[in-house]
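Welcome! Here is a short tour for someone meeting this structure for the first time.

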Amino acid sequence: MGLVAARELLLLLLLLAAYGVSIEVSSQQNYYFINVAGPSALIGILMLGAWWQIAREPRALWQPLFWFRIACSAYYGIGALVPYIANDVTVQNIKRYYWFSEEEAFTVGVINLLSIIVVLTTAWLISRRRAITETTAPKADASAQSRTLLFAAIFLIGGGIMRYLVVLPVALGLIDLVPGVIIPLAKSYIVGLYLLVLAGMRGNRTAAGLAAVLVPIDLAVGLLTFAKSEVLLTLIFTYLGVLHHKLTLPRVIVGLVIILGVYGQLDPIIHFGRDELLRRHQALTAPLDERIEIMGSYTGTEWEGTERAENQPALSRLSYLHVAAMVVTWHDTGRTGDSLSYALTVLVPRFIWPDKPIITSVGTDLSLAASGNVGSSISPGLFAEAYWNLGWLGIPILMVPLGCILTVFSRYSLNVMREENWLHLPPVLLGVLAGVRVDGFFVADIIGGSATALVYALLAFALDGSLNRRSPKAPPR
């Protein structure tokens, strides 16, 4: 069974041909048409591909290639349309870094489409060479329920310690820096929440009760960090527990409505909190009581009568077109990017190299170079970054490995979820995050994230083997 349908690739190639035809009639009006029609068609094709994938295998919800399509639809489909559908204030805010032309937007659209085609074609070729082995899903019996509860407790305790005693204190300014290897351990807490929800859906009332308490607490803590990703990750992966129990189209639609609704409501609150922290401390660190006080002071009317009240942050957050166009033009004028320079550095753990450079500073460095703003961070997205560093060759050089990584983790994730081998769930989560992070940077999010996921997967295999050797063998019949 393949991860990518040939008909999806055919539709993408037809869209690429439409871009090619439009070059023959190069004019601002023609560029405008394809800059609107192209991303619109891309959304439809990628959502069809995601539906085809999940229709073949419901557990595809845990495959990075499924989320790769969703993320590309959001950032390079809807996001590319934002300058054409948003109000004037939002468009001006988007273009404050770089006022791109229709021709530059067209070039970025071609880069995005080519990159997506290379990633999915790589996955299609690998899948054709070696089909995924069919396995029988374990029955949700008492033994399986006990195993689910056991691993829920392990991840909640271990991940909770890392999340609340290590990572959260960083946001509160109590700890200066957290080694990169700790972050995945902290994220395993939401793996525990996922398993708790799943156990509750399967009839365990204690698990359902605990989930009803712990999930809202974690959502509140995520909100106090003033980071949308913290809240959305908890919301998405706990809802996946509902879908894992029983996947239906109405449940998927309800989940999407809830997540999009929360996303739209979160943005002004998060921006208010971050603005307050920067105004008070010129940094995003502050103690918990101050964060609670800031949240309590939010009324939703802070920007009434100002230009900012007319801004549509939920839309502008999805658009990377301005930054992508900027770095693409930089490359074409001889200002080549160097964001791949830490490709090997990221693989060295900080405990071995205490003075290791901060890999994630590339976003703040880019913002400083583009606008002179200190403290903010921007990204052109993976596809424009590839072009910025290596030109057109950057697309196959970086996207083929990305396709391989997402395919390997997609196959691995499917086997884990079919067998419900919860010991392997943290690296599965990291694989999903790699699929989502098409808006990030290749070194930090793909190389670094995938290397960390690989380490955790190898540890899971080692523990799995050790537990199997110690478990008593069933007597022969």
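This is a predicted model: local features need pLDDT of at least 70, side-chain atom pairs count only at pLDDT 80 or more; totals for chains, interfaces and linings use all residues.

Residues are numbered from 1 along each chain as its sequence is written, and side-chain values use heavy atoms, with hydrogens and water left out.

Let us begin with two residues, each placed in a helix (a DSSP run of H or I, at least four residues, numbered from the N terminus).

| Residue | Helix | Relative accessibility |
|---|---|---|
| P83 | α3 (residues 64-85) | 14% |
| L11 | α1 | 31% |

Buried means under 20% relative accessible area, exposed over 50%, and partly exposed in between, with a 1.4 Å probe and protein chains only. P83 therefore counts as buried, at 14%, and L11 as partly exposed, at 31%.

Beyond its neighbours within four places in sequence, P83 is in contact with V91, F100, S319 and L321 (heavy atoms within 4.5 Å). Its C-alpha atom is separated by 10.0 Å from that of N93, ten residues apart along the chain.

The largest cavity has a volume of about 120 Å³. Its lining comprises 14 residues, with Y19, P39, Y76, A80 and G109 nearest its centre; lining residues have an atom within 4 Å of a point.

How values were computed:
On a 1 Å grid over the protein atoms alone, a cavity is a set of points where a 1.4 Å probe fits but cannot get out, and a pocket is an open set with protein on both sides within 12 Å along at least five of seven lines; lining residues have an atom within 4 Å of a point. Grid points are joined across faces, edges and corners, and a volume is the space filled by probe spheres set on the points.
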